[in-house]
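Okay, hi everyone, thanks for making time. Let me put the model up on the screen, and then we'll walk through it together.

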Amino acid sequence: MSVQDVTARWIDLCAVLQIDGLDTVWYLGSTAPDLTPIAPARGTQTAKSGLLSVGSTSASISLQEGVPDSSSVSLRVLIQPDNNARDLLRRAPFGPSARTTLEASLEGRQQLGIPLTIHAVDPIDAFPASGVIHIGQEAIAYTSKSNAARTFSCPSGGRGMLGTRIQRHIADPPRSKAPRIYGECATWKRRTARVWVGQVDSTGAWLNAPVVEAEGFISGIPQRDQQGAIEVELETLPSALDAEFGAAGVETKLQTGYHIFDGDNANRFDAFTEIWTVGAAFDAEEQVGKAAGANPLTLAVGAVPELFKSTDPEAMALLISAKPAAGIRAVGAALAGANGPDDPAGTISLTGGVPAAVVAGDRIKNARLEFVSSYEFGTPGSAAVVEWPAALDDLSAELQNAVTAATPGPWAAVTIDAAGSMQVEPQWSVQTPAPLLLRWLQPSTSTCWGICPGSQLPALTEAGIEPGDWPAYDPRGRRARRDNPRPSPAQPPEVGLEAGDVAEYGLTIPDAWWQPPERYMHVADSIAAGASPASPVWILAKHQRDGAEVRSTWPVVGEVAASTITGGTPGFALEIREQDRAGVSVAQVSGDEPPVIRAAAAWRDESTSTIIRQALASLTGTGANGADDVQPYGLGVPSALIDSAAFDAMDIDPIGPRSHLFDEAEDSRDIISAFCRSIGAVLTERLNQDTGRRMLSLEPSGLPVPQQSVQTIANGDWLVTGRPVVVEDSDTLNRIAFELQWGDPLQRVSIEDEDRGTYTIGVTDTDSTSEQGGQPNSEDLPLYGIRADEDDPRLIQDLLLPLAQARFAAYGYPRKVVQGQVAYSVGVTLYPGAVVTIAADELDGYDGQPLASTTALVVSVERDVMAQACTVRAVYWPANTAGWAPALQVTSTTGYSAGVAIPVTANHYAPSASPSGAAQTDVDLFAVGDAVSFIPRGDYASKVDATVTAIGTNTITLDQNVPASAGTIRPQDYASTSAVLRGYCHMADGADLDFTNGDPAKVYS
C-alpha cells in the first residue's frame, strides 16, 4: 500500500461519534455523512460537525488466559455554535431543563408493542408537550402528557429510543431512592457509544459500508480541556469484564412483622401433647363402660390390663372426658378389685380431682396425655399473611381454653408474655408424689413431651438451636443436662413441677422465619422477578447456625407481592416447590445478625458457551436485555453487542454440561477465563462484517485451521516504515492443576470453614518440562460445575488428559510472533482471535529456514485512525489444525434427476456465521466443479459420485441422478476432490494406511 493511497483515503475519511440516548452525532470530515446506514432502530439523529480527533484503539488478548484486555480511546469534540456539543456538559440531577421522579415501576418486560402510561411524583409542567424523557440510561418517547395527572403517554414502540436499551426501573428500590425522570440526557458513565469510520463522497454518501472503529462505554463524565474542546473517554467492550460478577446482586431480608402460612404446612401450634410421670412410661388406656356417679369406675373390659396393676405409689391416671369442654384432669389412681389385683371385674379408684359424674365414653389413661387441642394460624387449606408476633395473642387465648378443666378448675395456666417467655402454672397439686414433666421434643415427631410449641411450628426455638436439637430446662429456670441432645421418650428427664411452681421457658420468638415444609418464603424486596417452574431463580441465604455461617440455596419458581395473598401486607412471597423444600430453617431474631438473602446466578446441566453468553448478557433476569438475560445479575453487556452465532459455533463441551452456583462476588475475568480455557476458546471483540459493529465473540484459541482464515496479509500490504519482525513468545505451559467438585455444586446447605467438596488433580507435560529447564510452568484451572469421582480411573484418561494435551500442544513450547504495520484499510477488519494468512519476506520457520507464508492467529491490533495505520501481532505454530470436511444434509426422499436443484438443510453442519462473522450456510462451503458423493442414509455401498454444476440458496445441483432416499452429500476421496476441500480433516481408506512414507490420508470421514 503506497503512501499516496493512504493520503487519498485520509482526504475522504469520515468518522462519526454516536452516543446512545442523544439525538445528535458529531462527525470528523468535510461533509456531513448520510446517517441511514448507522441510524438507531428507533428515533432520529442529526449529524453535526465538531469531532476533532479519534485516539488510537488497542485490542489484544492473552491466548493462554482466554480473555481480552481492556483498553480505551480518547475522543475530542469542539464546541461550535448550534452543534449541540454543550449537551455533553449537562450534569444530573440539576443539568436537565426538566426533572421529576418516577412513581410507578416500569418492568423491562414491558417492551415494544405495548403502549404505557408513566406516572410521576412531582409536577411535570416543565416538560414539553411531547418528546423524549430519560430514565436511567433509557430514552422513552411520549406523545402527550397530563400536567394534572402527572403522567406521560407513551406509544407502542416508544421504549429503548435512540439506541438505548430497555431497562427495568423500580419506583421503590430497596434501601434507595426512586429513579428520576429527565428532559435531556445528563448521565454519562457506562453509557454505550461508538465511533463509525468509512469514506464518503461530496454528497455524504458512503463509498463503502461504514464499520465501527471503537465500541464500548463512556468511562466517566465528559470534560472540557484547555483548548475548549470536550474530551470523551470511551472504554472498549472488554472493559465489561472489569466489573465483579455478582457484585450488583440485589440483597434482601426476611419480612418482619408478618409471616405467610400456606395453610397446609407448619401452621399449627399444639396446645400441649404428652405428660409423663417419673415412673415407667406406660401406654395403656381403657374406656369407661357406663356412667358412674361415684367411685369406683367400672372398666369396659372385664380383665384389668396388666399395666394398670401397678402398685407403685407414684402411679397416676388421666381422666379424659368425652365432652371436649370438660377438659382433662390428672388424678391419682389406685387399683382395686373384689378378689384382689387379678380380679377380672377390676375397678380403679380415683383418689382426687374427680368430677361429680363420669359418663360413658370417658377414658382412663395411665399417666399419659395425648393431643388436646391444636391452634392453626390462618385458614386451613388457604395461604394467608398473618401479623407476627401479634398472632400469639390469639394463641395464648386458645391455650387457656385447651387446658381448662370444668371441675375443680383449670389444670394449668399457659401464657406467652411480651418478653417472649412461655409460662405454665399448675392450679392445684397433683394428688400423688409424682410431679409433672414439661419438656421440648423434636418437632418432626408426632408427639412431644410436656408442653410443646407445636409439632409443625419449630420456629419458636432457643436462639442458635435448630429444630430437632432443643434443650431441656428445669421448670425453675435451671437448664437440664444435654448429654444426649435427642433423648428417647423411654428416658424422660426427672424434672418436676409442683403446685405453686411456675415453669418459665425462654422462648426465642423470631421476628421472621422460613422452615423447610413451607411453600412460601416471605422477603422484604423483590429478588426473583420472572421466576417460573420452567425458568427458576436460585436464591441463597446466609445465616447462622451454632455460631457458624450457613449457606442454604433453593430454586424459586414464582414471586408475587404478599398483598396478592392478603391485601395490604408488605413484602414478596417466594414460592418453593415441595421437592425443593430441603435444608434447615432460616430465622431472624432480635439482637442477632439477620440472614441475608439474595438471588444467585446458577446453571443446571448447561453448555459452557451458553453459560458465558448468559453471564455477559444477564442484567436482572427479566429478559429486558434479550433472551440471554436469564440470571438475576451479570455483566449487563447489551445483547446487540454479543455475537450469539459465534457462541453457538463454540457450543461444544469436551468435558460435559455443567451445574454451578456462584454464591459470592467473583472476579469476572477469572470466571470467564476458566470457562474459556476449559473448551479451548478465547473471548474477543470481533468485527461483524454483516453489521459493521464490534461485538463480543467466542473464538477457538488453539492451533489455527487454515480454512478458517478471514483475511490474507500479503507481502505488499506491510507498510514500508512498518515491515514485520519475528519475535519469540516464551510464556510456556507444561502443568495444569484442575479443580473439580465432589458433590452437587447446587448443594442445599454448606457450612463455613467446612470442605466445600472440591479437590485438585495435576497433569504435567514431562517432555516440555525437561526441555524447558526442568521447572514446570503451571496454571490453575477451575472446572466450575464439573462433578467427578477422584477415584474414578477414567477421570484423567477420558476427561482431563485430552484437555491438557490440547493446551500443551498450543502452549507447551515457545511460539513465534510476527509483528508489523499495515494500512488502516487492511487492519480495520482484523480482531484478536482471527485466523489470518500472512506472507512476508521476513518470516522464518521453526526450522530456521525462510517461510513464504503461514497461517497465524492474531493476538493484538492497534488501530490509528488519524495516522491511517494498524499495528498487527499474530502468533504462528509449526503445525496447524485440520477442520472437519463440509457436508450437506438431504432430508427429502423424493429423488432428483441430474440437473435438478436438490434442497439441503441450511445449517446442519456449519455454524450460521463464518469465521469473519458473515452469515453462512452449509452449501456456501461448496463450489461449482467440486467432486462430491451422495450417500443414502445407512447405505454407503449405494453412494453416487457426481460433480457440482450449480449452487443456489440452500440448494445444490449435481450432474448425476440422486436416488429417492434421505442422506448426505460430501466431498469425494482425496485424489478426486478440489484443492480447497483437500485441506480439511480426512481418514485413510483400507488401501492407504501406510503413513510411514508420507502417504496422505485419502477418504473423508
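Quick housekeeping. This is a predicted model, where local features need pLDDT of at least 70, side-chain atom pairs count only at pLDDT 80 or more, and totals for chains, interfaces and linings use all residues. Residues are numbered from 1 along each chain as its sequence is written, and side-chain values use heavy atoms, with hydrogens and water left out.

So what is the chain built from? We've got nine helices and 60 strands; these are DSSP runs numbered from the N terminus, helices being H or I with at least four residues and strands E with at least two.

Have a look at helix 3, residues 608–617. All 10 of its 10 residues are buried, so this helix is largely enclosed by the rest of the structure. Among them are Ile611, Arg613 and Leu616.

Now for Ser97, in the loop between strand 7 (72–78) and strand 8 (99–101). Is Ser97 buried or exposed? Ser97 counts as exposed because its relative accessibility is 55%. Setting aside neighbours within four places in sequence, Ser97 is in contact with Arg90, Ala126 and Glu184, where contact means heavy atoms within 4.5 Å.

On to charges. Side chains of opposite charge can pair when their charged atoms come close. We call it a salt bridge when a side-chain nitrogen of Lys or Arg is within 4 Å of a carboxyl oxygen of Asp or Glu, and this structure holds 24 of them.

One of them joins Arg76 and Asp225, at 2.8 Å from N to O. That pair links distant parts of the chain, 149 residues apart: Arg76 sits in strand 7, and Asp225 in the loop between strand 17 (223–224) and strand 18 (229–236). Arg76 is partly exposed at 23%, while Asp225 is buried at 14%.

Another salt bridge pairs Glu215 with Arg194, at 2.7 Å from N to O. Here the link runs between strand 16 (residues 211–218), which holds Glu215, and strand 15 (residues 192–199), which holds Arg194. Both Glu215 and Arg194 are buried.

Last one: Lys943 and Asp945 meet in a salt bridge at 3.0 Å, N to O. Lys943 is partly exposed at 32%, and so is Asp945, at 38%.

That's my tour, thanks!

Notes. Buried means under 20% relative accessible area, exposed over 50%, partly exposed in between (1.4 Å probe, protein chains only).
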